[in-house]
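Please look over the sequence and the structure shown here.

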Amino acid sequence: MRICVEVVDSSCGRQATGLDFRLDQKVDGLWNTVLRGEIGTRGCVLDFAPPHVRRAIHRLVFDVDRYFVTMGTSACYPEIVAVFLVRNEAETHRVCLALSPYSYAAQFTVDN
């Protein structure tokens, strides 16, 4: 399985560089962290293949509070959680996120 994550800070019209995130996988009803990362200078983490990922429910948790505090502001929500199902390990899952201190929008696509 491959994941492509892209994040734009729509409040300033640029990539959300420095936004921390983690990828969790649900196993036997419990969330296990598979990977931790940071959005890079291009606003994305392109095509990473997390270890030990299998057909299961996953979630990306973005640390929005820390991101906006480092910019001298705050957000009305501390985290954005994007939950998705992996049915086929051969697929690429794309998560596109646009955020601001008071709103966000997420889009998911799957490529075979």
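Does Phe21 count as buried or exposed? Phe21 counts as buried, because its relative accessibility is 4% (buried means under 20% relative accessible area, exposed over 50%, and partly exposed in between, with a 1.4 Å probe and protein chains only).

## Basis of the model

This is a predicted model, in which local features need pLDDT of at least 70 and side-chain atom pairs count only at pLDDT 80 or more, while totals for chains, interfaces and linings use all residues. Residues are numbered from 1 along each chain as its sequence is written, and side-chain values use heavy atoms, with hydrogens and water left out.

## Aromatic pairs

Searching the whole structure gives 4 aromatic pairs (rings of Phe, Tyr and Trp, the last by its six-membered ring, pair if their centres lie within 6.5 Å; planes under 30 degrees apart count as stacked, over 60 as edge-to-face and the rest as tilted). One of them is the tilted pair of Phe21 and Phe62, with 6.2 Å centre to centre and 40 degrees between the planes. Because Phe21 lies in strand β3 and Phe62 in strand β6 (residues 56-63), this pair ties together parts that are 41 residues apart in sequence (strands are DSSP runs of E, at least two residues, numbered from the N terminus). Phe62 counts as buried, at 1% relative accessibility.

Tyr67 and Phe68 form an edge-to-face pair, 4.9 Å centre to centre with 75 degrees between the planes. Tyr67 is buried at a relative accessible area of 3%, and Phe68 is buried at 1%.

Terms used
Helix = DSSP H or I, 4+ residues; strand = E, 2+ residues; numbered from the N terminus.
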